[in-house]
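This report covers the interface of a two-chain model, then one of its chains, then a single residue.

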Amino acid sequence: MLHPNLLTPPSVIPPPVALQLSQKAPPILSSSPTSSLPWPLSLLFSTESPETWTIHENLFLASLRTGDDVSARKVLDRMTTRFGEHSERIIALRGIYEEALAKNDKELEQVFQGYEKILREDPTNFSIRKRRVAVLKSLGRIPDAITALTVLLENSPIDAEAWAELSELYARQNAWGQAIYCLEEVLLIMPNAWTAHAQLATLYYLSASAQSSNQLQPLTLSLRHFCRSVELNEYYLRGFYGLKVVSRKLLPLLSESSTSSKRNNSEDDDTPPPKLESVKKLEELATSKLAEIIRQYNSRTQGWTGFSEAEVTAARELLDADGKIER
Amino acid sequence: MAQPVVQTIHRDPALFWWILLPITVVMILTGILRHYAMTLLQSAPKKQSLPQIRQQRSLVRGFNLRQNANVLTPTSFQARKAYMVSSYQEGKFLADPESRGKPRPNPMSDPAAMEGMMGMMKGNMAMMIPQTLIMGWINAFFSGFVIMKLPFPLTPQFKSMLQSGVGTRDLDVRWVSSLSWYFLTLFGLQPVYNFILGSNNAANQMAQQMGQVNPGAGLMGPEQDPDKLFLSEAENLEVLQHQWILEGVEDRLLAKLAV
């Protein structure tokens, strides 16, 4: 596995990696990024580069995560002296710092009031709008967070991050239709994101299990989106996992509907259900792919170790349960 | 056949130290100075208001829908299309719905546009003034010198480029006059500036002029009417052929991954 670095941290940072990252604070903080020479010379001999500040920002987030508030404060002060107090980004980072240090809901409420004040002065500060949603979410006021996000998206409808967040909030409220709509917006912005396809498939699957009648259509869509996600990424464990789960659920439904005449073929010709044999084959394919991933992961083959431990374990459990039923 | 006559001109070696080198150094220094002057003169980009951001991003949402419609199920696509087309046609996303249908105001009377033009003027002045000064300086002190010989032969077409200020007909093209050296450095120092100042510098005028050909380059330049953009986008959406990418994805996947 690649060594985690602060310039390009992985998209999902597990706790040990975050600790590793934040432990790089002392050497970075001991060296000054801006030159101490007088003015014209400082232009020529500065070691500062855009990367310096990316590193500082990631270090800031990592230290906040690991509770190293002192380092975080130092990094934040340094960035503030460099970019000024009124930079949009600095305001947002300061907000994150205050949120992290808030001990109870009351203090968090104060941070929230601060955000309201900033937004009254400058309503175009989208990062503060997002922080505001985050605070509402951690205060547990999900409906308020949803309202705030819809306002944000009304003004900036091409923000994939915000759409994904809104989808998650709706899913928490069991509003599957809205959640699916939001995720479709994400796909419109990033059509080839296999994770978004898998997430959409998961939502369809969950919405199918929420309703009792006519599970066939959402499950079909779920299957298709899982298919698309593994079509885009052949080593996507989550996609194969979902493919297997969904196809196992679809198989009895399909065989039942094929025997009980073709009653609902006319009403939803929009999304015709898949053929029984294809689903069977897909399940076999998913099983074999999962088995291969587990085998290679366990034998630590080069290039196969990037999977998340928890996901591999879950896949193994799924296969084990399957094996027991067959035996 | 006689050998072509090789012209030799005995140059004072001091020419190198007192003309060639000073011109080069002065040109490089002015470039650097200009870069910093431009950085200081630049006014921060003006902040857009919230309705303007909304107007622009809603249009981009339409582009996205048109380009990536394939990921949607047919029903979901139809619903979205109907919504987008109707709100585009009603002008729901416009920043100021009142001015809809009216002709655009004269850009000269718009203070924001004037500000942009002032910025451009400032940039041009920062180019022009040092250029005029240095050109005059070179003309006053160094005109008429032949300062170097190129190590390779050239065709006579280059004569006007390499020997401006030296009015001799028979001089070999390989000799370069001081004024020409000034022009060569004027146009050819971009890589040097890139090396010194980083690739995003404002030192060279050529790059500046390239940039000015298409200043806005955005989706919504100041001279375009947003309402017209919305209407044409609505039309584009209406004629769009929709094809669902998940149609038959199972078989595609099986064919691809079958062992």
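## Basis

This is a predicted model, in which local features need pLDDT of at least 70 and side-chain atom pairs count only at pLDDT 80 or more, while totals for chains, interfaces and linings use all residues. Residues are numbered from 1 along each chain as its sequence is written, chains are lettered from A and ligands numbered from 1 in the order in which they are written, and side-chain values use heavy atoms, with hydrogens and water left out.

## Interface of chains A and B

Chain A places 42 residues in contact with 34 residues of chain B, where contact means heavy atoms within 4.5 Å. The two chains bury about 3500 Å² between them, 62% of it on carbon and sulfur atoms; buried area is the accessible area (1.4 Å probe) that two parts lose on being put together, summed over both.

Between chain A and chain B there are 8 salt bridges, each defined by a side-chain nitrogen of Lys or Arg within 4 Å of a carboxyl oxygen of Asp or Glu. Arg224(A) and Glu250(B) form a salt bridge at 2.7 Å, N to O. On the side of chain A that touches chain B, the elements giving two or more residues are α8, α9, α11, α13, α14 and α15. Helices (H or I, at least four residues) and strands (E, at least two) are DSSP runs, numbered from the N terminus. The largest share, 8 residues, comes from α13(A). By class, this side has 21 nonpolar, 7 polar and 14 charged residues, with Ala, Val, Leu, Ile, Met, Phe, Trp, Tyr, Cys and Pro as nonpolar, Asp, Glu, Lys and Arg as charged, and the others, Gly among them, as polar.

## Chain B

Chain B has 10 helices and 2 strands, in the order α-α-α-α-β-α-β-α-α-α-α-α from the N terminus. Of its 259 residues, 35% are buried, meaning under 20% relative accessible area, with exposed over 50% and partly exposed in between (1.4 Å probe, protein chains only).

In helix α10 of chain B (residues 249-257), the buried residues are Val249(B), Glu250(B), Leu253(B), Leu254(B) and Leu257(B). Seen down the axis of α10(B), they fall within an arc of 135°, so they line one face of the helix; the arc is that of the directions from the helix axis to the C-beta atoms.

## Pro252(A)

Pro252(A) lies in helix α14 of chain A. Its relative accessibility is 47%, so Pro252(A) counts as partly exposed. Pro252(A) and Leu276(A) are 24 residues apart in sequence and 9.5 Å apart in space, C-alpha to C-alpha.
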